[in-house]
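Colleague: I have a model open and would like to learn how to read it. Can we go through it feature by feature?

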Amino acid sequence: MSIFVDEKNKVLVQGATGHQGVFHIGEMLNFGTKVVAGVTPGKAGQEVHGVPVFDTVMDAVVETDANTSLVLVPARFAKDAVFEALDAGIKTVVVITENIPFHDAMEFVHYAKYKDAILIGPNCPGIASPGKTKIGILPGGIFMEGNVGVASRSGTLTYEIVNSLKEKGMGQSTCVGLGGDPIIGTTFIDALDAFEKDKDTKAVVLVGEIGGTAEEDASEHIIEHISKPVFAFIAGRTAPPGKRMGHAGAIIARGKGTAKSKIEAFEKADVKLARFPTDIADLVEKYS
Amino acid sequence: MKLFEYRGKELFDKYGISVPNGKLVNDEKDFSDLKFPFILKAQVPIGGRGKAGGIKSVENKKDAKEKLSQILGMDIKGFTVRKVLAEEKVDIKKELYMSIMLDRSQRTSLLMVSGKGGMDIESVPDDLIFKEWINPFIGIQPFHIRGTISKLKLEKEEGKQVANVLSKLYKMFREYDCELVEINPLIISSDGDVIALDSKVTINDDALYRHSDIVAENVELTPLEKDAKEKGIAFIQLDGNIGVIANGAGLTMATLDALTHFKGDGGVFLDLGGTDDPEKVKQAFELMKKAKPSVIFLNLFGGITKCDTVARGVKAVISKEGIDCPVVTRIKGMNEEKAKDILKDAGLITAATLQDAAQKSCDLAGER
């Protein structure tokens, strides 16, 4: 098993004919993802790696039964793209686009909830269930089927951690990149609940960073609801307040969102913390 | 982007929220249309300016001239004061607090009001702050306003006016893509008027493209940071002397953390992000050189950003201009062998793990 996505996801890509779209449709097909359609307004009739392109999401859904969308459009068109997907009945939307105004994200996150859809991102690398599907821009080569669930606010750091798990012979049930923005559709709590129910997930790795209270919220949730072992790494222990460390969400503002507070919260929830990203694999090996 | 107080007040005025009569002043000529006594307020994008001497009350022209010259050019927590707002005094009967901000956990706007205005809201006890969360699809409704206003125990007419400010402020928060709008204090004057004495407004950088009337005043950036921003590179200058280049915000932060663990100090945070363009890497590396770190630490995990792409960009700069500080590299992931091959004659120091590379960087930085 896996969480959120598997071989049943039939994926359409919004923003299919751009540089990123073409590259990642190829990468996803190589991984085994069922990419069934692309959507770029005005480009209907074209093909990308043999995948047909449509003008609208609705056309793509009618022709191909797509149930999942990967959003790669530029930030200023992202809100419209997500609304279009949700209105066409898409039930899983993965938003890769970064720099989306957060008032836009606030609207589409709430609309997804109203439509009972899973929304992952924005500003995320996507999600992969090894052996089944990969929806996003995560590098396919680092994954391996297995029993560790990974949920992360970061991109590259996750690849590093996943890769070090693989080097120790530990595969992943699902690896989900939640996104580095202040407003995201799927949170640590959503991922933890899903991993808790997933019989193939034996341990969960959370990759957090400074900013916001997602890690503190997750810790409270773990104490009450999660029985599986949880491991974590937090980036930004030494980040100064008021400086935005690359991600829009990674900022210590008004005294909130410090690594210290996150570490204390995780310790209270008996989450094992790694000092270096690659130490996660050692911890998982030792304690699960 | 944080707006200066006077810019925030220009927006308040546009939305019909009253602000004191005032203007920016440069010299005594500017005092002519202001009534004494008034207040001079340093315009800096940071709190605590009152304690730093950046706010002064003035009684007459001579007094004003003297105090203005003290404030202009003053350093407040690293920011030089270049603009001073002069505002006529208002008689205060009550001080309130009002703000709207993004609530990341609830993924909505959070409205907060308190009867304890004028002080740092962090120091106001929680039970004296009244909160409402606003779903973006219904927006602010009369019940939200009634609910919060009722907690403030105001006289009827005052309550009406404060309610009015609240709905205008919400409108501004949404229409201007604000991360935060804060009025502290929002005062009720002895004449019964409701006036915003201060403004803290932060506009979401990612939405600035749709607000052409907001002039970018990136006063918080160093010249190199400004340059980087124009080139679309995530580049932050810090206090230490080791320049970190990595790909991805999380990995870059983790690299800085590793340096601290080995008793070193990061001087630059440079996140290459998801680029796979050697030209962009070249620009980034040039910026790093300009920051003059004692040591450069390049930490890569190649995925979409391929290791050899970064290697090519770095090599291009080194072979053209040379490099006058040690460069420690730790390269892993997609095309790492190719990258190592490209860099093998460039005179760089290589390490296999993050820990090893961080230790080497710190040792070298300590020697210089």
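Modeller: Let's begin with burial. The buried residues of helix 1 of chain A are Gly21(A), His24(A), Ile25(A), Glu27(A), Met28(A) and Phe31(A). Buried means that 20 or more other C-beta atoms, placed from the backbone, lie within 10 Å of the residue's own; exposed means 12 or fewer, and partly exposed lies in between. Helices (H or I, at least four residues) and strands (E, at least two) are DSSP runs, numbered from the N terminus.

Colleague: How should I treat the numbering and the confidence?

Modeller: Residues are numbered from 1 along each chain as its sequence is written, and chains are lettered from A and ligands numbered from 1 in the order in which they are written. This is a predicted model: local features need pLDDT of at least 70, side-chain atom pairs count only at pLDDT 80 or more, and totals for chains, interfaces and linings use all residues.

Colleague: What covers the buried residues of helix 1 of chain A?

Modeller: Look for contacts: two residues touch if their C-beta atoms, placed from the backbone, lie within 7 Å. Here the cover includes strand 1 (10–14), strand 2 (34–39) and strand 9 (133–136) of chain A. Just after the helix, Gly32(A) takes a positive phi of about 105°.

Colleague: Which domains does the assignment give for chain A?

Modeller: Domain bounds come from an automatic or database domain assignment. It gives domain 1 (10–120) and domain 2 (139–287). Their contact takes 11 residues from domain 1 of chain A and 8 residues from domain 2 of chain A. On the domain 1 side, helix 4 of chain A supplies the largest share, 5 residues.

Colleague: How many residues does each chain give to the contact between chain A and chain B?

Modeller: Chain B gives 41 residues and chain A gives 46. Helix 6 of chain B gives the most to the chain B side, with 11 residues.
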